[in-house]
Amino acid sequence: MTLLTQRLSGAVGEYRVSAATTVADLAHAVEVVDAALPVAQLEVVFRNAQVASVAVRDTQDPRRIGLVTRPRFTAAMTGRLGFGRAVYSRRPTTEITDWAPMVVEPATPVSEVAVRAMARLDDRRYDDVLVANDVWRIVTTADLVRSLSTLLAVRSLHDALTGLPHRSMILHSLGRRCTSALGTDARVVVVLVDVAGFARLNAAHGQQFGDVVLTALAARLRGGVTAGCEVARTAGDEFAVIATIQAAASQEHANSLAEGLRRDIVTLAAAAPKGIAPAGWPSLHSAVVCSAAGSANADELFRGVQARLRQAKEGRALVQRPPGNPN
């Protein structure tokens, strides 16, 4: 999982644009020729090893587009389509063109295009896909499958609603931090927060509003925490932030820094975002734990912060509210 996480962290970036979600993100320029072009001249185009396919324009009907793939061109030139180079080289490109290629709009999801492409007949299954636009572009089936695989991997490790890593991924990251801290002066911190009265919020305003709150809160945490922190959605209305304190004068100092992180997170989430009335924006329950220097244990830390969060939820005096939030 470590290797997968590392690969995804490089390829993913922001979750919503991590892997290409539409073919527009994958498409690249394609050579376009006229249907009347002699095949002998088309052969010159295919001498470029980088050219995998050529789009063919019908000069009589601009809306009609065809495709000549390299395998199709090779089959024509070697006689597998009936005649061979001796005959085809003198004929127009239209005679070796596939006039029924797969054509999609730029906004079509990669998942849909990949499924449709793989459903084609065997002899066309791996043909490039044309992307309709003011300027024709093309996407390869290899790029489609690669992007779809990455997207599925990302989604398996991230929460679909908020785009944040989910519980198993953050626990993996927490374990990695704890391992790195062993035998050093570093301390690992875990902050856990959840939405106070989330069930009542859903009951009063509807689940869709609750989803908006969770999405907005996730965006606040992801965009506002200190560099080096990691954020995840660990349960329905529960979020975790993990960090590493590299140098602290004492355990008391480390605990103070950890508590400061917790307060910063609560303050970060205090004000209602644009579009949500302040009265409808909830407060948070929160808790924090900080490991001893060089002896962090991921399971113990997470169990400990969960226990403290339960205490905060059970006793209203322990509900952490940022200054100025009356809810």
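Is Asp34 buried, exposed or partly exposed? Asp34 is partly exposed, at a relative accessible area of 30%; buried here means under 20% relative accessible area, exposed means over 50%, and partly exposed is in between, with a 1.4 Å probe and protein chains only.

Before I go on, what you see above is a predicted model, where local features need pLDDT of at least 70 and side-chain atom pairs count only at pLDDT 80 or more, while totals for chains, interfaces and linings use all residues. Residues are numbered from 1 along each chain as its sequence is written, and side-chain values use heavy atoms, with hydrogens and water left out.

Now the chain as a whole. The chain holds eleven helices and eleven strands. Both are DSSP runs numbered from the N terminus: H or I over at least four residues for helices, E over at least two for strands. Of the 327 residues in the chain, 46% are buried. Take the contacts in the chain with a separation of 6 or more: 69% of them join residues 24 or more positions apart. Contact means heavy atoms within 4.5 Å.

Next, salt bridges. Side chains of opposite charge can pair when their charged atoms come close. The rule used is a side-chain nitrogen of Lys or Arg within 4 Å of a carboxyl oxygen of Asp or Glu. Searching the whole structure gives 13 of these salt bridges.

Back to Asp34, then. Its side chain meets that of Arg57 in a salt bridge, 2.8 Å from N to O. Asp34 belongs to strand 2 (residues 31-34) and Arg57 to strand 3 (residues 53-57), so the pair ties together parts that are 23 residues apart in sequence. Arg57 is partly exposed, with a relative accessible area of 37%.

Another salt bridge joins Arg146 and Asp143, whose closest N and O atoms are 2.6 Å apart. These two sit three residues apart in helix 6 (residues 141-157), so about one helical turn separates them. Arg146 has a relative accessible area of 49% and is partly exposed. Asp143, at 24% relative accessibility, also counts as partly exposed.

What do the side chains of Arg177 and Glu230 form? They meet in a salt bridge, 2.9 Å from N to O. This pair links distant parts of the chain, with Arg177 in helix 7 and Glu230 in strand 9 (residues 230-233), 53 residues apart. Arg177 counts as buried at 13% relative accessibility, whereas Glu230 counts as partly exposed at 23%.

There is also a network of salt bridges, which links Glu259, Arg262 and Arg263.

On to aromatic rings. Rings of Phe, Tyr and Trp (its six-membered ring) pair if their centres lie within 6.5 Å; planes under 30 degrees apart count as stacked, over 60 as edge-to-face, and the rest as tilted. By this rule there is one aromatic pair. Phe46 and Phe73 form it, stacked, with 4.7 Å centre to centre and 20 degrees between the planes. Phe46 is in helix 2 (residues 39-46) and Phe73 in helix 3 (residues 70-77), 27 residues apart, so to speak of the pair is to speak of a link between distant parts of the chain. Two packed helices are described by the angle between their axes and the distance between the axes. Axes are lines fitted to C-alpha atoms, for helices over the stretch in contact, and angles run from 0 to 180 degrees between N-to-C directions.

At what angle do the axes of helix 7 and helix 11 cross? Helix 7 (residues 167-181) and helix 11 (residues 298-314) cross at roughly 125 degrees, and their axes come within 9 Å. That makes helix 7 oblique to helix 11; angles under 35 degrees count as roughly parallel, over 145 as roughly antiparallel, 65 to 115 as roughly perpendicular, and the rest as oblique. On the helix 7 side, Arg167, Leu171, Leu174, Gly175 and Cys178 meet Ala298, Leu301, Phe302 and Gln306 of helix 11. The residues of this contact comprise six nonpolar, two polar and one charged. For the classes, Ala, Val, Leu, Ile, Met, Phe, Trp, Tyr, Cys and Pro count as nonpolar, Asp, Glu, Lys and Arg as charged, and the others, Gly among them, as polar.

Helix 8 (residues 198-205) and helix 9 (residues 207-224) pack with their axes 7 Å apart, at an angle of about 130 degrees. The two helices are therefore oblique to each other. Phe198, Leu201, Asn202 and His205 of helix 8 meet Gln207, Phe209, Gly210, Val213 and Leu214 of helix 9. By class, this contact has five nonpolar, four polar and no charged residues.

Gly224 is partly exposed, with a relative accessible area of 39%. Gly224 and Leu268 lie 44 residues apart in sequence, and 6.9 Å apart in space from C-alpha to C-alpha.
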